[in-house]
Amino acid sequence: MNKIVGFIGGGNMARAIIGGILNAELISKENIIASARSQETVDYLEETYSIQATTNNSAVAKVADILFLAVKPNMFSSVIPEIKDCKKEGQVIVSIAAGQTIGAIEEAYGTEIKLVRAMPNTPALVGEAMSALCLNQNVSSEEADEVLSIFESFGKAEIVPESMMDAVIGVSGSSPAYVYMFIEAMADAAVADGMPRAQAYKFAAQSVLGSAKMVLETGKHPGELKDAVCSPGGTTIEAVAKLEETGFRQSVISSQRACVEKSKEMSKK
């Protein structure tokens, strides 16, 4: 891709995206530029990724064909006024901030913009993100494909309507926390049964990783894969029965839906 990609903000998610782009050789390092508030972060970005970096947000906005807004949501009110009058012609803006709707960002810019609202999750840091993208009416199909290819360089990504973004936050944006709790609980049980702690985490985490890969790569229904592990009168069906008895499935559903409701509340503010 022969485009200049810019980042306003140099935190963990920006670094994950930059790393994904470079690892996939999607864009050359000479065509990536980022800004950060501290000189320390600027130095880190330059030394780690060999890209251009600066403390000047406007300098990035002036040259980027695709501009990532990679700052905290509460920074939008100060950052957008700083850069909105110096955007490059034809620039596609990509926001990765939670709770910032397309309408709110368009209003902050106060002019016609090409905008992608994205929701990656923290597994981006290990190249295994699940990202959702929604587009405003000004983004062409070619531009959408270019942005999608960037997100697919560090995981999987799909374009969804903005009305689904709260559900996305529940099922992928926040869900790594639920999965970490599940891994921790499995490891605790293994420790209780005599396994060393470090080994327990490894066994539990690899089992979750492998199970997720089975769902994605076989295309089989999770219930079918579960049934294949459950031998009649065996150990697995005993554990599954206990999970049902203690409300495992309903706990996950109700917790995730609470997450979605909170996201809806935050979007209204």
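A salt bridge here is a side-chain nitrogen of Lys or Arg lying within 4 Å of a carboxyl oxygen of Asp or Glu. By that rule, the structure holds ten salt bridges, and we will visit some of them along the way. Keep in mind that the model is a predicted one.

Let us start with the whole chain. It contains twelve helices and eight strands, and its C-alpha trace spans about 70 × 40 × 30 Å along the principal axes. Of its 269 residues, 39% count as buried. The accessible surface comes to about 15,000 Å², and carbon and sulfur atoms account for 54% of that. If you take the contacts between residues at least 6 apart in sequence, 63% of them join residues at least 24 apart.

In one, Lys3 pairs with Glu146, with the closest N and O atoms 2.8 Å apart. This pair ties together distant parts of the chain, since Lys3 sits in the segment before strand 1 (5-8) and Glu146 in helix 6, 143 residues apart. Glu146 counts as buried at 14% relative accessibility, while Lys3, at 24%, counts as partly exposed. In the other, Glu162 meets Arg117, and here the closest N and O atoms are 2.9 Å apart. The partners are 45 residues apart: Glu162 is in the loop between strand 8 (155-159) and helix 7 (165-173), and Arg117 is in strand 6 (residues 114-119). Arg117 is buried, with a relative accessibility of 4%, whereas Glu162 is partly exposed at 28%.

With a relative accessible area of 1%, Val147 is buried. Which residues does Val147 touch, leaving aside its neighbours within four places in sequence? The contacts are Ile66, Val92, Val94, Val116 and Leu133. For a sense of scale, Val147 and Thr111 are 36 residues apart in sequence and 21 Å apart in space, C-alpha to C-alpha.

Thr41 is buried because its relative accessible area of 18% falls under the 20% cut-off. Apart from neighbours within four places in sequence, Thr41 is in contact with Gly10, Arg15 and Ala36.

Next come two backbone details. Most residues other than glycine have a negative phi. Glu25 has a positive phi of about 55 degrees although it is not a glycine. Glu25 lies in the loop between helix 1 (12-23) and strand 2 (32-35) and is exposed, with a relative accessible area of 71%. Ser50 also takes a positive phi, near 55 degrees. You will find Ser50 in the loop between helix 2 and strand 3 (52-54), partly exposed at 42% relative accessibility.

Spanning residues 197-218, helix 9 has 22 residues and reaches 31 Å from its first C-alpha to its last, close to the 32 Å expected at 1.5 Å a residue. Ala200, Ala204 and Val208 are buried in helix 9. Why do the buried residues line one face of the helix? Seen down the axis of helix 9, they fall within an arc of 60 degrees, so they share that face. The face turned away from the buried side of helix 9 carries the exposed residues Ala198, Lys202, Leu209, Leu216 and Glu217. Part of what covers the buried residues of helix 9 is helix 8 (175-192). Just after helix 9, Gly219 takes a positive phi of about 75 degrees.

Phe182, Met186, Leu243, Phe248 and Val252 make a nonpolar surface patch of about 380 Å². Helix 8 and helix 12 (248-268) each supply at least two residues of this patch.

We finish with one more salt bridge, in which the side chains of Arg249 and Glu244 meet at 2.7 Å, N to O. Glu244 counts as partly exposed, at 42% relative accessibility.

Conventions
Residues numbered from 1 in each chain as written. Predicted model: local features only at pLDDT ≥ 70, side-chain atom pairs only at ≥ 80, totals over all residues. Heavy atoms only, no water. Helix = DSSP H or I, 4+ residues; strand = E, 2+ residues; numbered from the N terminus. Expected span 1.5 Å × (residues − 1). Buried < 20%, exposed > 50% of the residue type's maximum accessible area, 1.4 Å probe, protein only. Arc of directions from axis to C-beta. Contact = heavy atoms within 4.5 Å. Patch = residues over 30% accessible without salt bridge, like charges linked within 9 Å, V, L, I, M, F, W, Y side chains within 5 Å. Areas by Shrake-Rupley, 256 points an atom, 1.4 Å probe, with all protein chains shown as cover.
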